[in-house]
Amino acid sequence: MGYLYEYGTAFTKSLKKNIDIQLERVENKRASMIVIDGAVGTGKTTLAVEIMDYINSKTGKDKVILNPKEHPQIALGGKEFIGCFNKCYKEGYKVLTYDEGGDFSKRGAITKLNRTLNRAFETYRGFKILVIICLPNFSILDSLLFENEIPRLLVHITDRSKYQGEYFLYSLSQMNWLRYWFNKLNVATRKKAFSYVLPNAKGHFKNLPPMREKELDKLSTAGKSKVWKETEIQLEGLYSYKELAKALNITHQHVRTKVNKLKIKHVRMIDRVKYFDKSVFDKLNDTLRKDKNTR
Amino acid sequence: MVNFENETTVSTPAGDIVKILWLQKREDLHNELEKYNKLKALSTEPEQAVLKSKIGSLLIELLPYLERKQTTPEQKEKRESQIKKIFFNEDELEPSEILDIVLEINKILDELRVTRIDTRVRYDRSNVEEDNRRQGYS
């Protein structure tokens, strides 16, 4: 098998050993989280899938499902996280990945993520599920998570070629030193923090087989297309019923009645949600003002 | 201990001064042992008096430690015979005996961390949980 090392994993021994240790920790009902960080396209999700495949094989489960419609072990964005947690518990999976999947382009997503993670670890510790989290930069994680000693291992991906990627491992104590240097250095030199802190180990991971790589691409594109659509709507300046109601300070039902009365047609419909352009907002605003004056 | 000659008020701990004195004595002993071995190799019968006195002065320093640690009757007996040979010139020391005493002195100095330099704790850093534990994380 060209996609695996001789000891049966797609990543080198240093990571394998530490994953086994984390699994043992989770079995003892201790909270544990593995953070995978690296720039866009370095293979964070690929490595997460490989780790999950290894854990699944250890616990007698099949490989991770990469179907865009059904993917219990990969939560694309904060909304899916708790749902996936429950699914994993019901189906007996021992590992779950939170993939940011473009989530961070949304305002307030980081706060939501931190809140969700804190809540999840307080509530679901007894579920004995190891959480892997893929982020572009681990320093956005809440200090409360670090105070509670939940992130135990940082896998920092530095480089990726056509066939393999390179990673460095950092323990919680080293992570805290990295955070110290992140705070101390300015934005331009922040990445130097990694050269100030000695990693605990380093290693490589191989790419997924072409078929699974395609499946993973489809899945991550599906997660990101939702975000892309939302961004497109924002750029075009379109309004949904909900947004019109909020902007006009009237009820949702009131907007619907007015739109029907004025026989206004929507310009776009995405995921069964109707969108109207800016002129509709102006038209409705004028109508409401007139109604107010006639009363 | 304040060094008034140096016009400094920063004191040096007594323990540090004792350690330095022991190291000085150990250095002298090793030098004397070298001379003794050299003469022995040249087939001349070297005088043991200086060597014995050097061993003796270091042994006196370490005697309280030895009395605390070596409590069995055999150990006590061995120590007393060595002291007699060294201080009361009862018999000449055999070369193997000299080596034994010097090695024991070195061992004690190492145990007392006077000559031990490899004090860094060694553990498997590639095991992140071991590293976390060593750094005080649970």
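**Figure 1. Overall confidence of the predicted model and the make-up of chain B.** The predicted model has an ipTM of 0.73 and a pTM of 0.69. For chain B, the mean pLDDT is 86, and 94% of the residues reach 70 or more. Where pLDDT is low, the predicted coordinates should not be read in detail. Chain B contains five helices and zero strands, so that its pattern along the sequence reads α-α-α-α-α. Of the 138 residues in chain B, 12% are buried. Among the contacts in chain B with a separation of 6 or more, 52% join residues 24 or more positions apart.

**Figure 2. The open sheet of chain A.** Seven strands of chain A make up an open sheet with mixed pairing, in the order β2-β3-β4-β1-β5-β6-β7. At the edges stand β2 (74-76) and β7 (201-206) of chain A, each of which pairs on one side only. From one strand to the next, the twist averages 25°. Strands of a sheet pair through backbone hydrogen bonds, either parallel or antiparallel.

**Figure 3. Strand β4 of chain A and its two parallel partners.** Strand β4 (residues 130-135) of chain A is mostly covered, with six of its six residues buried. The side chains divide between two directions: L130(A), I132(A) and C134(A) point one way, while V131(A), I133(A) and L135(A) point the other way, and all are buried. Strand β1 (residues 33-37) of chain A pairs with β4(A) in the parallel sense over five bridges; within this pairing, C134(A) is the bridge partner of I36(A). Strand β3 (residues 95-99) of chain A also pairs with β4(A) in the parallel sense, over five bridges, and here V95(A) stands opposite L130(A).

**Figure 4. The antiparallel pairing of β6 with β7 in chain A, and helix α6.** Strand β6 (residues 164-171) of chain A pairs with β7(A) in the antiparallel sense over six bridges. L169(A) has A201(A) in β7(A) as its bridge partner. Helix α6 (residues 172-184) of chain A packs on the sheet and touches β5 and β6 of chain A. The direction of α6(A) makes about 95° with that of β6(A).

**Figure 5. The nonpolar cores.** The largest nonpolar core has 57 residues, and the residues with the most contacts inside it are I36(A), L96(A), I132(A) and V155(A). Helix α2 (residues 44-58) of chain A gives the most to this core, contributing seven residues. Apart from this core lies another, of nine residues, among them I55(B), I86(B), I101(B) and L109(B). In the surroundings of V155(A), residues up to four places away in sequence are not counted. On that basis V155(A) touches L15(A), I34(A), I36(A), L47(A), Y167(A) and L169(A).

**Figure 6. Residues with positive phi in two loops.** Most residues other than glycine have a negative phi. E149(A), which is not a glycine, has a positive phi of about 60°. E149(A) is found in the loop between α5 (143-147) and β5 (151-160) of chain A. Because E149(A) has 17 C-beta neighbours inside 10 Å, this residue counts as partly exposed. In chain B, R113(B) has a phi near 60°, also a positive value in a residue other than glycine. R113(B) is placed in the loop between α4 (95-111) and α5 (128-134) of chain B. With 10 C-beta neighbours inside 10 Å, R113(B) counts as exposed.

**Figure 7. Helix α10 of chain A and the residue K263(A).** Helix α10 (residues 252-261) of chain A has ten residues, of which one is buried, so the helix lies largely in the open. K263(A) follows α10(A) and has a positive phi, near 55°.

**Figure 8. The contact between chains A and B.** Chain A supplies 14 residues to the contact and chain B supplies ten residues. On the side of chain B that touches chain A, two residues are nonpolar, five are polar and three are charged.

Methods: Residues are numbered from 1 along each chain as its sequence is written. Chains are lettered from A and ligands numbered from 1 in the order in which they are written. This is a predicted model: local features need pLDDT of at least 70, side-chain atom pairs count only at pLDDT 80 or more; totals for chains, interfaces and linings use all residues. Two residues are in contact if their C-beta atoms, placed from the backbone, lie within 7 Å. Ala, Val, Leu, Ile, Met, Phe, Trp, Tyr, Cys and Pro count as nonpolar, Asp, Glu, Lys and Arg as charged, and the others, Gly among them, as polar. A nonpolar core is a set of buried Ala, Val, Leu, Ile, Met, Phe, Trp, Tyr and Cys residues joined through C-beta atoms within 7 Å. A residue is buried if 20 or more other C-beta atoms lie within 10 Å of its own, exposed if 12 or fewer, and partly exposed in between; C-beta atoms are placed from the backbone. Helices (H or I, at least four residues) and strands (E, at least two) are DSSP runs, numbered from the N terminus. pLDDT is the predictor's confidence in each residue, from 0 to 100. Two strands pair if DSSP finds at least two bridges between them. Axes are lines fitted to C-alpha atoms, for helices over the stretch in contact, and angles run from 0 to 180 degrees between N-to-C directions.
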